[in-house]
Amino acid sequence: MDCGSLALKGGWVATQNADREILKADVLIENGRITQIGEVGSADEVIDVSGCAVIPGLINAHTHVSMTLMRGIADDVNLEKFLEKTFKVDAMRTPDDIRLGAELGSLEMLRSGCTSFVDMYYGQNEIAKAVTDIGIRGFLGWVVLDEQFTTQKGSPLANCENFIDSHKGLERIHPLVALQGVYVCSEDTLLKAKDLAYRKDTLLHIHLSETRKEVYGHQASTGKRPADWLHDIGFLCDKLLAAHCAWLTMDEMRKMAETGVSAAHCPVSNMKLASGFEAPIPEMQALGIPVGLGTDGCSSQNRLDMWGEMKTCALLHKAQRLDASVMSAQRVFDMATIEGARALGMDRELGSIETGKMADLAVIDMKHPAMVPTFQNNLISNLVYSCQSDCVLHTVVNGRIVMKNRNIVTLDEGNIITRAQNMSEKFFL
Ligand SMILES: [Zn+2]
C-alpha cells in the first residue's frame, strides 16, 4: 500500500542500530520503509517531533490477543486452575468475539507504541481481519495440538495449513505454525507441525517449560525434560520461538543455542501465575540465544503493556540475582526491539530505525511528567524505568500513522470499547 511520504522532524532517534546510536535527526518514510535518517526536506506529511524520542515500534513476542476480552477472569490462581477456566471459556467463543478481542488488544498495544505481536490462538482468520483493519502487524500462529484435546472443528494441523495458505503475503500479516505445548502435543503432531513450518517457510512457536509441573509431568511420561526430549525427537530448529522457557537446565539451553532456537520471555505472566521465578534469561543470552519479551495473554498478564513488561523484566532479574547490573536498561530495551526482531527472524526488516527497514515506529513525549528530565545519556533508562503507555504520542506501522496525537485513526475506538464490554459479559456469568 502506498501511504505517501512522512517526515518526523526534530526528534531524538533511538536507532537501536548496531552501535545503539541516539541521533538528533529527522526520519523520512516512503512507501512503508525508512528511507532517510538525518536532515530531511519536504514530505507529503510532516510531523514536528521536537521534544520527543522516536523509537522502533515495540515487539510483543508472545501473546493471545483475543483473550483480551477475558481480562480479569481467572486471577490469583496457578496455571492449572487458570487453564481449566480459560479452556472452558475458549469453547464458548464465536468468530465475532475472537475478532473483537483482537481489536481491543490491538488498541491497547498500539496505544503503548507496540507495532508487532506474535499470537497463538485458533480462529486466526478472525484475528487477521482485526489486524488488517486496525493497522498493527501480526505474526499469527494458528494453534496446533492433538485432535483429542482440541475444541477446534476439524484437524488443527489442517486448519493451520489452510490459514497459512490463505494469508501468506498479505500486508502486515505473517502467518505461522503454533503449538500449545508438549502436554497436549504428541511427537507425531510436533514433527508434522515442524514439517509444515518448513514447507511453508514460516516461524514455529511453542509454549516451553512454563511450569515445574509441565517439566516433571513430561519427565514422568517420557523420562526426559521437555527441551531435552524436543531435541532428541529432532524438533528444535532455527525456526522455533519458544515462549516462557522458565525451567531449563544449562544442558537444555546449550541444545537450544546449538539448534538456533529463540525465546520469548514473559516475566509478568510467569510471576502472576506463580509459574516460575527462575527463567534463566541471562544464561540464555550469554549462549547467544535471541530473547524477545512477551506479555502473554491478557487473562494472565492482565495488560498488553510492553512498558510494564520491560520494567518488570529488569527488576525481576536484578532482585533474583542480587545484581543490579545483570539486566541493564539497554539490554531490556533491546529485547523489546532489535532482539525481539531477531527472535522472530525479522531483524533485517524490523527492530531498529535504519534506512531500508520497514517503518514501524513510535514517538514518545519526553515532556510527559514521567519522562522529565530526559537527556541523550539517560533516554534508554527513562524508556525502560519511567515510560508508560500514555507517553506515546504517535504510532506508525508500515509507514502509516495508526495513532496520531493519541487518537487511533483507523477504527472507532469508542465503538470497540463499548462492544467489548457488552460482548465479554457472557464469559463472566
Ligand atoms: Zn501463552
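Me: Which residues touch the most other members of the largest nonpolar core?

Reply: This is a predicted model. In it, Val27, Val54, Val144, Met310 and Ile364 touch the most other members of that core, which has 136 residues. Helix α2 (residues 95–111) gives the largest share, seven residues.

Me: Why is this called a nonpolar core?

Reply: Two conditions apply: the residues must be buried and of nonpolar types such as Val, Met and Ile, and they must be joined through C-beta atoms within 7 Å.

Me: What makes Val54 a contact of Leu8?

Reply: Contact requires C-beta atoms within 7 Å. Val54 meets that with Leu8, and also with Gly11, Val13, Val27, Val49, Ile353, Leu361 and Val363, leaving aside neighbours within four places in sequence.

Me: How many residues of each domain are in contact with the other?

Reply: 23 residues of domain 1 are in contact with 24 residues of domain 2. On the domain 1 side, α15 (379–385) is among the elements that supply at least two residues. Its share, five residues, is the largest. By class, that side has 14 nonpolar, six polar and three charged residues.

Me: Which residues of helix α8 (residues 250–259) are buried?

Reply: They are Glu252, Met253 and Met256. The label needs 20 or more other C-beta atoms within 10 Å, so each of these three reaches that count.

Me: Why are they said to be on the same side of α8?

Reply: They cover an arc of only 100° around the axis, which puts them on the same side. Met250, Asp251 and Glu258, on the other side of α8, are exposed. The cover over the buried residues includes α7 (226–232) and α10 (281–286). Just after α8, Gly260 takes a positive phi of about 85°.

Me: What do the buried residues of α3 pack against?

Reply: They pack against α2, β7 (114–121), β8 (137–144), α4 (156–167) and β9 (173–179). The buried residues of α3 (residues 124–134) are Gln124, Glu126, Ile127, Ala128, Ala130, Val131 and Ile134.

Key
Residues are numbered from 1 along each chain as its sequence is written. This is a predicted model: local features need pLDDT of at least 70, side-chain atom pairs count only at pLDDT 80 or more; totals for chains, interfaces and linings use all residues. Two residues are in contact if their C-beta atoms, placed from the backbone, lie within 7 Å. Helices (H or I, at least four residues) and strands (E, at least two) are DSSP runs, numbered from the N terminus. Ala, Val, Leu, Ile, Met, Phe, Trp, Tyr, Cys and Pro count as nonpolar, Asp, Glu, Lys and Arg as charged, and the others, Gly among them, as polar. A residue is buried if 20 or more other C-beta atoms lie within 10 Å of its own, exposed if 12 or fewer, and partly exposed in between; C-beta atoms are placed from the backbone. The arc is that of the directions from the helix axis to the C-beta atoms.
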